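Me: I would like to learn how to read a few local features of a protein model. Can we go through them one at a time?

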Amino acid sequence: MEASFWHEKWKRGEINFHQSEANPLLTAHFEKLNLANGSRVFLPLCGKTRDIAWLLANGYRVAGAELSAQAINDLFKELGLAPTVSEVGNLTRYSADDIDIWVGDIFDVSAEYLGPINAIYDRAALVALPADMRKQYASHLMQITDAAPQLLVSYVYDQSKIDGPPFSVNEDEVRRHYGAAYQLTSVEIRDVVGGLKGKVASTETVWLLQKASR
């Protein structure tokens with residue numbers, strides 16, 4: 001799972017993970033985060049997801065992190081926005097009204113760079129990372145966002161049958177990564193129509209993660 005793996009996928013157009021419309025799980029459950037209009041939502045490993053257009057259209061501000069500059073150039077083109085581009089440490093920041101995306105390694109994104117975050121929407125980040133990186137990622141994500149509430153999407157399937165990404169991340173693992181900081185609620189579990197990648201039966205779970213009471 002080196003950076004070159006993702007760069008090559010974007011270069012070759014192997015982006016089956018990209019959806020042409022906003023994710024129905026986002027549109028169905030986002031209101032459960034109880035965010036005020038104008039709240040700032042962080043999308044880790046965002047690609048050029050149409051979820052960003054949906055969030056902007058519904059009055060939210062967006063922050064994101066993505067490895068591929070090609071994906072973010074495509075994103076701003078599809079949004080009809082001309083970004084201001086600047087270098088921030090090891091990252092490149094693309095900014096326009098209500099949107100800031102940092103291009104580079106997500107582990108180079110700091111709380112200082114990111115600024116205040118009201119919520120996280122993770123549809124494709126945790127499940128994109130191999131097991132040995134997921135613990136590090138979850139810890140980093142909570143650190144840079146002050147454990148902002150999350151809407152998290154995960155998959156469960158027999159990983160011996162196909163390779164990820166997306167990887168299978170079961171309830172025990174989600175609780176292991178996030179249970180100390182959050183109260184976790186499964187708000188929907190559904191079968192992946194046609195199976196994951198059309199090859200293996202899989203379920204998709206939407207998790208609501210809210211700060212645990214102290």
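Reply: Start with contacts: two residues are in contact when heavy atoms lie within 4.5 Å. Keep in mind that this model is predicted.

Me: Which residues does V187 touch, not counting those up to four places away in sequence?

Reply: With those neighbours set aside, V187 touches H29, K32, V206 and L208. V187 itself is part of strand β8, residues 182-191.

Me: Is V187 buried, partly exposed or exposed?

Reply: Buried means under 20% relative accessible area and exposed means over 50%, with partly exposed in between. V187 has 24% relative accessibility, so it counts as partly exposed.

Me: What should I expect of backbone angles?

Reply: Most residues other than glycine have a negative phi, and most peptide bonds are trans.

Me: Where is there a cis peptide bond?

Reply: One joins G164 and P165, with omega about 0°. The peptide bond from P165 to P166 is also cis, and its omega is near -5°. P165 sits in the loop between β7 (150-157) and α7 (171-178), and P166 has its place in the loop between β7 and α7 too.

Me: Which residue other than glycine has a positive phi near 50°?

Reply: That is A147, found in the loop between α6 and β7. D146, not a glycine either, has a positive phi of about 55°. A147 is buried because its relative accessibility is 13%, whereas D146 is exposed at 57%.

Me: How do I read a salt bridge, and how many does the structure hold?

Reply: Look for a side-chain nitrogen of Lys or Arg within 4 Å of a carboxyl oxygen of Asp or Glu. The structure holds 9 salt bridges. One of them pairs K211 with D146, the closest N and O atoms being 3.5 Å apart. This pair links distant parts of the chain, 65 residues apart: K211 is in strand β9 (residues 202-211) and D146 in the loop between α6 and β7.

Me: Where do E171 and R175 lie?

Reply: Both are in helix α7, 4 residues apart, which is about one turn of the helix.

Me: What does the salt bridge between R190 and E204 tie together?

Reply: The closest N and O atoms of R190 and E204 are 3.2 Å apart. R190 lies in strand β8 and E204 in strand β9, so the pair ties together parts that are 14 residues apart in sequence. R190 is partly exposed at 30% relative accessible area, while E204 is buried at 7%.

Note on methods. Residues numbered from 1 in each chain as written. Predicted model: local features only at pLDDT ≥ 70, side-chain atom pairs only at ≥ 80, totals over all residues. Heavy atoms only, no water. Helix = DSSP H or I, 4+ residues; strand = E, 2+ residues; numbered from the N terminus. Buried < 20%, exposed > 50% of the residue type's maximum accessible area, 1.4 Å probe, protein only.
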